[in-house]
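Start with the view below, then read on.

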Amino acid sequence: MSGNLEKGVKKISRVYRMTNADASGSHFTIEPKEQLAAIKDMRASGIVPLGNFHSHPETPARPSAEDIRLARDPAASYVIISLAGENPVMRAFHIENGAASEEEIEISDG
Ligand SMILES: [Zn+2]
């Protein structure tokens, strides 16, 4: 997810869908080539990386122990979309020093 950061508010304007190199429903690894291509595109577009998202096909939209352990960027928003219920649930988290705190999400068309 990328866009602009103004006054502490992240405005996401572009989302890059990437292949899960693990081909798993419970683990994910981003393909390095796809990540590099996304970074090049961001630089060319004058936008910055703001975070990432992944789905939890069968569990709630909260970071797993592994999500927390692997979260290395406190500046990133970690968005999780749960597909476990009747309707998808999307939540965002700040993860730092082994702890996750929820971030507010606002969806707009502008
Ligand atoms: Zn997860």
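## Helix α1

The expected span of a helix is 1.5 Å times one less than its number of residues. This is a predicted model. In it, helix α1 covers residues 32-45, which makes 14 residues. From its first C-alpha to its last, α1 reaches 20 Å. That is close to the 20 Å expected at 1.5 Å a residue.

Is α1 buried or in the open? A residue counts as buried if 20 or more other C-beta atoms lie within 10 Å of its own. Of the 14 residues of α1, the number buried is zero, so the helix lies largely in the open. G46 follows α1. The phi of G46 is positive, near 70°.

Strand β1 spans residues 2-6. Two bridges join β1 to β3, and these strands run antiparallel. Which residue of β3 stands opposite G3? The residue is V48.

## The sheet of four strands

Another open sheet has four strands, ordered β4-β5-β6-β7. Here the pairing is mixed. The edge strands are β4 (51-56) and β7 (99-103), each pairing on one side only. From one strand to the next, the twist averages 35°.

How many bridges join β4 to β5? There are six, and the two strands run parallel. Strand β5 takes in residues 77-82. Within β5, Y78 is the bridge partner of N52.

How values were computed. Residues are numbered from 1 along each chain as its sequence is written. This is a predicted model: local features need pLDDT of at least 70, side-chain atom pairs count only at pLDDT 80 or more; totals for chains, interfaces and linings use all residues. Two strands pair if DSSP finds at least two bridges between them. Axes are lines fitted to C-alpha atoms, for helices over the stretch in contact, and angles run from 0 to 180 degrees between N-to-C directions. A residue is buried if 20 or more other C-beta atoms lie within 10 Å of its own, exposed if 12 or fewer, and partly exposed in between; C-beta atoms are placed from the backbone.
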